[in-house]
Amino acid sequence: MSLTARFPDRRAFLAGLLLATQAAAAPRTQLTPSPRPPVVTVLGDSITAGLGLPARDAMPAQLQAALTRMGVLATVRAAGVSGDTSGGGLARVNFSVAPDTALCVVALGGNDLLQGIEPRVTKANLRSILQSLRQRRIGIVLVGVGAPPLIGAAYAREFNALYPALAREFSVPLYANILAGVGGSRQLMQGDGIHPNAAGARIIGGKLAPLVAQALKTIPTQTAAR
């Protein structure tokens, strides 16, 4: 049987054959995978570790929840060790802060204060931590601790000044006092008067979230600065 007899409209047949050939030769559309949310690692002490609280109520989880409510995509990773001083944080910064970290919240110094460590030593340790993160091109948010005058006016003044000085030196955002609005409240602190309860941790996470969200937008600027 002839081709014309099988396909009365030969031109339509040829046109269809051509389209089929072109479709087979066309490259397949590749789906671009969605980018993973940036990782925010919180390097700290017992407040970050959530001493006395289940993980879901600790400050890092509350920071995660607050960022989510703001519509900020990020994965908050806790890297707190109870009892850690700034020196302890320095000793482990390079393995506690994983390479996939985009932003590190450095929340250390409370145990330095409790142990009466010289502010110049705390400042030197924190400076080394910030330098290490900067060299690894990891963004930074620095979180301070407020020293009460009753421990000695001169000591408190020197201790309280070290956080703003480091924030200026490294051009990073500063949350001046991790217990601001929480410390001293029986409703927001655990019985020891040192660690926040779940409600206190929720307040800290909520207040810290806007600073972290803004820092995530400026990571290239921070990490490029020297």
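Ser171 is found in the loop between α8 and β5 (174-175), where helices (H or I, at least four residues) and strands (E, at least two) are DSSP runs numbered from the N terminus. Phi of Ser171 is near 55 degrees, a positive value in a residue other than glycine, and Ser171 is exposed, with a relative accessible area of 54%; buried means under 20% relative accessible area, exposed over 50% and partly exposed in between, with a 1.4 Å probe and protein chains only. The model is a predicted one, in which local features need pLDDT of at least 70 and side-chain atom pairs count only at pLDDT 80 or more, while totals for chains, interfaces and linings use all residues. Residues are numbered from 1 along each chain as its sequence is written, and side-chain values use heavy atoms, with hydrogens and water left out.

**Backbone and overall make-up**

- Arg137, in the loop between α7 and β4, has a positive phi of about 60 degrees although it is not a glycine, and Arg137 is partly exposed, with a relative accessible area of 46%.
- Most residues other than glycine have a negative phi.
- The protein chain has ten helices and five strands, and buried residues make up 42% of its 226 residues.
- Of the contacts (heavy atoms within 4.5 Å) between residues at least 6 apart in sequence, 77% join residues at least 24 apart.

- Leaving aside neighbours within four places in sequence, Val212 is in contact with Val40, Leu63, Leu67, Leu103 and Val105.

**Helix α4**

- Met59, Pro60, Gln62, Leu63, Ala66 and Leu67 are the buried residues of α4, and seen down the helix axis they fall within an arc of 160 degrees, so they line one face of the helix; the arc is that of the directions from the helix axis to the C-beta atoms.
- Thr68 and Arg69 are exposed on the other side of α4, whereas the cover over its buried residues includes β1, α3, β2 (75-80) and α9.
- Gly71, whose phi is positive, near 80 degrees, follows α4.

**Pocket and cavity**

- On a 1 Å grid over the protein atoms alone, a cavity is a set of points where a 1.4 Å probe fits but cannot get out, and a pocket is an open set with protein on both sides within 12 Å along at least five of seven lines; lining residues have an atom within 4 Å of a point.
- The largest pocket has a volume of about 400 Å³, a volume being the space filled by probe spheres set on the points, with grid points joined across faces, edges and corners.
- Of the 22 residues that line this pocket, Leu113, Leu114, Val145, Leu179 and Ile194 lie nearest its centre; α3 (46-49) and α6 (110-115) are the elements that give two or more residues to the lining, with the largest share, four residues, coming from α6.
- There is one cavity of 30 Å³ or more, and Ser46, Ile47, Gly50, Leu51, Leu53, Gln190, His195 and Pro196 line the largest cavity.
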